[in-house]
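Welcome, and thanks for opening the viewer. Let's take a short walk through this model, one selection at a time.

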Amino acid sequence: MPSRTSPATPWTPAFVADAVAATLKRAAEHDLHHAITEVARERGLSQATIEEWVARARAVPAAPVPPGLVTCHDCDHPMILVQLPKCPPVYLCMPACGRAPVPAQSLRDAVARAVLHRAPHLVPKDKIDAAAAYAPGGIHRVAVGASPKDLHFTWRSDPRQLVGPRMSPAQRLNYARARANHGDRARAIEVLHTGLLHTDPTDDSSALDVATANSAALLAELALADGDPNAALPWAGWAHRSLRRLRGATSPEATAALKVLAAAYRRTGNLPEAANCYRDLIRHHTSADGPRALPTLAAQATLALVLYQDGHCAQARQLLARAAAEHRAAHPGHRDGPRLRQELNRMRATCVDQRHGHPARIDDPPHDIAAALTKESSTP
Ligand SMILES: [Zn+2]
Ligand SMILES: [Zn+2]
């Protein structure tokens, strides 16, 4: 059981809102765990206490009003859920501007009434009791004035049907993976979009938790599979940036996201960026799996295709010839071997067709590989 701080003087909602604001601000610069540790130390609180406050402010499943939806009409800051022992839950801006907290239940009821009145089709028939959870599908922002009755709604110009708005990020990711594995890509994309509704992947932000970052990577992967690389690209970039920060640049999760980003760059025709991503991938796989491992060789082969597509044909052919030779030596009989050699022959034929006039044998495998091949083939 983690120890929680007992308050010396009674905590106020404003004290909690300020501590959460300080933590999230710092989390945007480092990471959430680090931010919690620092703010706890500075304010003489236990980490468990700050963790609990931050979790409540960001939590989706039990929130009366979905996080990210309400702002303070006076100071324009986001409002978060604050609950202190023996007090009813309230919403307050973070950091607190001095206004009175707003009772959570009345705010929830007012938001639910508004969405049921104006956009009832966004709330499934059997979820009327949870109407507030579906509000972000129709409402972009709710600015809260002096009382829960004084609400200023900004409605979305593109209302969306939310899927499972009360799932936690981890539940959402698992559900989306399961749907995608069952071939229901459309549903998986919808459920991921619901979780990323308040995220703009083109700004400087990054995810505060790994499940959300992985959700964006999966969304990008599914958009690519759906033939929509332009939709995939920003999510792939955001996911990769987030996972690099949360898990480290060479972590398997960041590497997986980098692979999606590389493919998104390639499919949108950003070939130099794609090539840079594949070079990074080759480096990561070389140190994690070895220079002759299948993922390393696959990344080399794809880099060769990108280079060829971008007009660097000599470099591409040399790289692909080397990768194909390494592949043959290290993985004889593997099903990808013939494909690599076919690609190489296709490149050679195109160069000849287009009269590039390369010197003969520009893509002969280097001597040591050739020696390894000879040795291989002479072994019974
Ligand atoms: Zn305020
Ligand atoms: Zn050429």
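Start by selecting Lys 86, which sits in the loop between strand 2 and strand 3. This is a predicted model, and in it Lys 86 has a positive phi of about 65 degrees, although it is not a glycine. Is Lys 86 buried or exposed? Lys 86 counts as exposed because 6 C-beta neighbours lie inside 10 Å, and 12 or fewer is the cut-off for that label.

Now move to Asp 76, in the loop between strand 1 (70-72) and strand 2 (79-82). Here, too, you will find a residue that is not a glycine but has a positive phi, of about 75 degrees. Asp 76 is exposed, because it has 11 other C-beta atoms within 10 Å.

Next, select Met 94 and Pro 95 together. What kind of peptide bond joins Met 94 and Pro 95? The bond is cis, with omega at about -10 degrees. Pro 95 lies in the loop between strand 3 (90-93) and strand 4 (102-103). As background for these stops, most residues other than glycine have a negative phi, and most peptide bonds are trans.

Finally, turn to the largest nonpolar core, which has 106 residues. Select Tyr 91, Ala 220, Ala 236 and Leu 320: these touch the most other members of that core. In soluble globular proteins, nonpolar side chains tend to be buried together.

Conventions:
Residues numbered from 1 in each chain as written. Chains lettered and ligands numbered in written order. Predicted model: local features only at pLDDT ≥ 70, side-chain atom pairs only at ≥ 80, totals over all residues. Core = buried A, V, L, I, M, F, W, Y, C linked by C-beta atoms within 7 Å. Buried ≥ 20, exposed ≤ 12 C-beta atoms within 10 Å, placed from the backbone. Helix = DSSP H or I, 4+ residues; strand = E, 2+ residues; numbered from the N terminus.
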